[in-house]
Amino acid sequence: MRNSPLHYSASQGHNEIVYLLVESGVDINVRNYRGQTALMQACQHGHWEVVQTLMLFGANIHRVDYLNGGTALHFAALNGHSRCIRLILADYIPSIPNFWSIMRKRCSKELAIDFDEGALHEIINTPADGGITALHMAVLNGHVETVHLLLDLGARVSEVTVEDGTTIDLIGAGSTPLHYAACGGNAQCCQLLIARGADLNAENATGWTPLMVARSWHRVGLDELLSKQPEERLQIPPSSYLSLPLMSIIKIAR
């Protein structure tokens with residue numbers, strides 16, 4: 001199957017049609033020839049209303065496409081669609097006002113009943129082929145808001161790419177998100193990663209540090225930022241998307 005009516009409607013943002021199709025009994029997780037679901041396509045194009053509808057009807061966020069092993073999260077991060085990311089993770093983020101502070105302090109005992117932190121982290125750090133995480137994708141493309149959200153949700157700055165897989169890696173195996181941010185050239189993305197403890201001296205499989213990557217891709221203006229670890233980490237307020245009580249809202253809607 002190439003694209004079903006559900007795929008086409010989701011990719012074009014036709015939310016009412018998506019609703020009617022799913023309500024009539026269409027398989028919400030049907031795949032096209034690339035292994036993509038309607039949720040993936042809605043996330044890719046940033047149609048958050050469609051994503052919301054699909055999530056209400058129980059779309060599977062764990063499916064991976066056949067070409068690059070990417071999930072809906074990867075598709076959303078690739079194009080910087082933070083609203084879509086927040087929606088597909090609604091079932092994993094409790095509707096509590098102090099969620100961000102708990103994430104920063106890692107007080108797992110405080111949320112032993114209501115919150116499975118490990119499950120959230122597993123989803124956030126799921127690698128596509130080649131070990132590419134959603135964070136790698138977001139920083140490479142300079143999506144600062146999305147990078148901020150992913151880091152607040154537990155994306156690890158130490159995850160590295162691998163040689164196996166079909167994903168094209170122009171930077172090299174063993175590359176951290178900071179290597180990717182250096183390649184992308186966005187200073188704010190680099191600052192966010194460094195503030196969360198990214199290692200400026202980390203070398204990938206070719207022996208390149210993030211600074212060397214930035215210079216090889218002629219990313220002017222990153223030399224000072226990537227040359228010396230700051231004495232104090234930058235204090236960054238939480239992403240505005242964390243305050244949304246989506247888990248409660250979606251449970252009521254369902």
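Helices (H or I, at least four residues) and strands (E, at least two) are DSSP runs, numbered from the N terminus. The model is predicted: local features need pLDDT of at least 70, side-chain atom pairs count only at pLDDT 80 or more, and totals for chains, interfaces and linings use all residues. Residues are numbered from 1 along each chain as its sequence is written, and side-chain values use heavy atoms, with hydrogens and water left out.

**Helix H2 and its surroundings**

- Val18, Leu21 and Val22 of H2 are buried, that is, under 20% relative accessible area, where exposed means over 50% and partly exposed lies in between (1.4 Å probe, protein chains only).
- Viewed down the axis of H2, the buried residues fall within an arc of 95 degrees, so they line one face of the helix; the arc is that of the directions from the helix axis to the C-beta atoms.
- An α-helix has 3.6 residues a turn, so residues three or four places apart point the same way.
- The cover over the buried residues of H2 includes helix H1 (5–12) and helix H4 (48–56), where contact means heavy atoms within 4.5 Å.
- On the face turned away from the buried side, H2 carries the exposed residues Glu16 and Leu20.
- Tyrosine 19 also belongs to H2 (residues 15–23) and counts as partly exposed at 37% relative accessibility.
- Glycine 25, which follows H2, has a positive phi near 110 degrees.

**Leucine 54 in helix H4**

- Leucine 54 is located in helix H4 and counts as buried at 1% relative accessibility.
- Leaving aside neighbours within four places in sequence, leucine 54 is in contact with Val18, Val22, Ile28, Ala38, Leu39, Ala42 and Ala59.
- Leucine 54 and tyrosine 19 are 35 residues apart along the chain, and their C-alpha atoms are separated by 7.9 Å.

**Salt bridges**

- A salt bridge is a side-chain nitrogen of Lys or Arg within 4 Å of a carboxyl oxygen of Asp or Glu, and by this rule the count comes to four salt bridges.
- Arginine 254 and aspartate 91 form one of them, at 3.0 Å from N to O.
- Arginine 254 lies in the segment after helix H15 (246–253) and aspartate 91 in the loop between helix H6 (82–88) and helix H7 (99–105), so the pair ties together parts that are 163 residues apart in sequence.
- Arginine 196 and aspartate 152 meet in another, at 2.7 Å from N to O.
- Arginine 196 lies in the loop between helix H12 (187–195) and H13 and aspartate 152 in helix H10 (residues 144–152), so this pair ties together parts that are 44 residues apart in sequence.
- Both arginine 196 and aspartate 152 are buried.
- Arginine 215 and aspartate 223 also form a salt bridge, at 3.2 Å from N to O; arginine 215 is partly exposed at 49% relative accessibility, and aspartate 223 is partly exposed at 33%.

**Histidine 218**

- Histidine 218 lies in the loop between helix H13 (210–216) and helix H14 (223–227) and counts as exposed at 66% relative accessibility.
- Phi of histidine 218 is near 60 degrees, a positive value in a residue other than glycine.
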